[in-house]
Amino acid sequence: MSTSIRPHRDDVALAVSGLLGGVLLWLLGLHTQGGRPFSAPWITLVPLTVMAAMELLRRSAPRTALIVGTLALIADQFTRGSLATILMFTDVMYAAVLYGTPAAARRIPVATLLITVASTIGFLAWFRTPEALLIGVVTGLVSFVPAITGVSVRNHRTAAEAARLAATQTARLAEMDRVQAVIAERARMARELHDMVANHLSAVAIHSTAALSIDDPDTSRNALKVIRENSVEGLAEMRRLIGLLREGGEDSAPAAAPTLASLDALIEQANTNGAPSGLVCALEDTREVGSAALPTPVELAAYRIVQESLTNALKHAAPGPVTVRLDLSGDVLTVDVTSVFGSRPGPTAPGSGAGLVGMRERVALLGGSFEAGCVGEKLWRVRAELPVREREMRE
């Protein structure tokens, strides 16, 4: 229901057209009845004018318009009557249901139906002629039909508003899902970028520091060789990642995801990179020989966890063994990486902790468990348990 007092321009148009139409009918001498107590011609204009004024309030004050309009219609029955007054009353009745309160929209149709039935029975009992039924029909056309029409239009508007709100809510939920998907994809890309490139860049940083700090031609030559190899491999990894992200890259085939079968090459590379720091990497795979391949997400996560653990060892571990253990027990693949914890001589590379965060996120996405920390006083351990059944993995 509108709270504005100022009439709507459509209401003004209805009031003016109704008043002018009634005046034209009055000038032509067209009336709806004759032989009434107030038969002076000008008296017919009074209910007409009042009804036109109520048209101005049909939207802003529908209850007042209906009450005063009803009184004007009753007064019109004591004059020669005007068709314009009756037509404007039907519009006021319609507006009272459409723009009124929900309670009014429920009560007015019931009240007009009861009035229609009561007037039909009353006039039929009074006149005792079939023509008396026409009075009931006219009463229903003037009151009940406009009220029912207002209910129908109001229900349609309510349904349309509910549909609009539902569509807006759906759009907001879709936008929230899109934002969450973008955030998740950014996090996945960040993990992939870190895991693919950090190992090579760490090796480059350590060996370049060694080449600068140790004044020995052989040491510098070996360091530069390792730097070149890691730089080339790092660039290749970057190109593969960019190729996956590029839209419409039809000329670049997607790179296969690394698997546990590639761990030997990873361990060999780690030994080459870690040799100047006194690191000796070894792989202990207790899985059965010829065992079936694990689901791709599990193999990728296990490979990246080993890769990042070796990178952390290259950055921070003290000279000594770095052991990678793989064990498949039941439906759980266990990845266990240990290294010597402590300070070491020679160059090191700074860390930001993003590697541990990435490993923890990978394990969480598969529904597994992850822990990293010191074991005793001399070992640093990274342990991840990954479920190998796809039905146990989280989407």
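**Entry 1**

I began with Asp-336 and Arg-383, whose side chains meet in a salt bridge at 3.1 Å from N to O. The pair joins distant parts of the chain, for Asp-336 belongs to strand E3 and Arg-383 to strand E5, 47 residues apart. I note here that the model is predicted. I then looked up the accessibility of each partner. Asp-336 has a relative accessible area of 8% and is buried, whereas Arg-383, at 22%, counts as partly exposed.

**Entry 2. Other salt bridges**

I asked how many salt bridges a search of the whole structure finds. The search gives 11. In general, side chains of opposite charge can pair when their charged atoms come close.

I examined Arg-59, which forms a salt bridge with Asp-11, with the closest N and O atoms 3.4 Å apart. Arg-59 is in the loop between helix H2 (45-55) and H3, and Asp-11 is in helix H1 (residues 9-27), so this pair ties together parts that are 48 residues apart in sequence. I find both partners buried: Arg-59 has a relative accessible area of 19%, and Asp-11 one of 0%. These two also belong to a network of salt bridges that links Asp-11, Glu-55, Arg-58, Arg-59 and Asp-91.

I turned next to Arg-178 and Glu-175, a salt bridge whose closest N and O atoms are 2.7 Å apart. Both residues are in helix H6 (residues 132-213), three residues apart, which separates them by about one helical turn. Arg-178 is partly exposed at 46% relative accessibility, and Glu-175 is partly exposed at 38%.

**Entry 3. Helix H3 and its surroundings**

I checked the span of helix H3 (residues 62-76). Its 15 residues reach 20 Å from the first C-alpha to the last, close to the 21 Å expected at 1.5 Å a residue. I listed its buried residues as Pro-62, Ala-65, Leu-66, Gly-69, Ala-72, Leu-73 and Asp-76. Seen down the axis of H3, they fall within an arc of 130°, so they line one face of the helix. On the face turned away from this buried side I find the exposed residues Arg-63 and Leu-71.

I located Phe-78 in the loop between H3 and helix H4 (83-99); Phe-78 is partly exposed, at 41% relative accessibility.

In helix H4 I looked up Ala-84, which is buried at 9% relative accessibility. The C-alpha atoms of Ala-84 and Gly-22 are 4.9 Å apart, although 62 residues separate the two along the chain.

**Entry 4. Aromatic pairs**

I recorded two aromatic pairs. In one, the ring centres of Phe-123 and Trp-126 are 6.1 Å apart and the planes stand at 25°, under the 30 degrees required, so the pair is stacked. Both residues lie in helix H5 (residues 102-127), three residues apart, about one turn of the helix. Phe-123 is partly exposed at 27%, while Trp-126 is exposed at 63%.

The rings of Phe-341 and Trp-380 also have their centres 6.1 Å apart, with planes at 20°, so this pair is stacked. Phe-341 is in the loop between strand E3 (332-340) and helix H10 (354-365), and Trp-380 is in strand E5 (residues 379-387), so the pair ties together parts 39 residues apart in sequence. I find Phe-341 partly exposed at 43% and Trp-380 partly exposed at 26%.

Technical notes: Residues are numbered from 1 along each chain as its sequence is written. This is a predicted model: local features need pLDDT of at least 70, side-chain atom pairs count only at pLDDT 80 or more; totals for chains, interfaces and linings use all residues. Side-chain values use heavy atoms; hydrogens and water are left out. Rings of Phe, Tyr and Trp (its six-membered ring) pair if their centres lie within 6.5 Å; planes under 30 degrees apart count as stacked, over 60 as edge-to-face and the rest as tilted. Helices (H or I, at least four residues) and strands (E, at least two) are DSSP runs, numbered from the N terminus. Buried means under 20% relative accessible area, exposed over 50%, partly exposed in between (1.4 Å probe, protein chains only). The expected span of a helix is 1.5 Å times one less than its number of residues. The arc is that of the directions from the helix axis to the C-beta atoms. A salt bridge is a side-chain nitrogen of Lys or Arg within 4 Å of a carboxyl oxygen of Asp or Glu.
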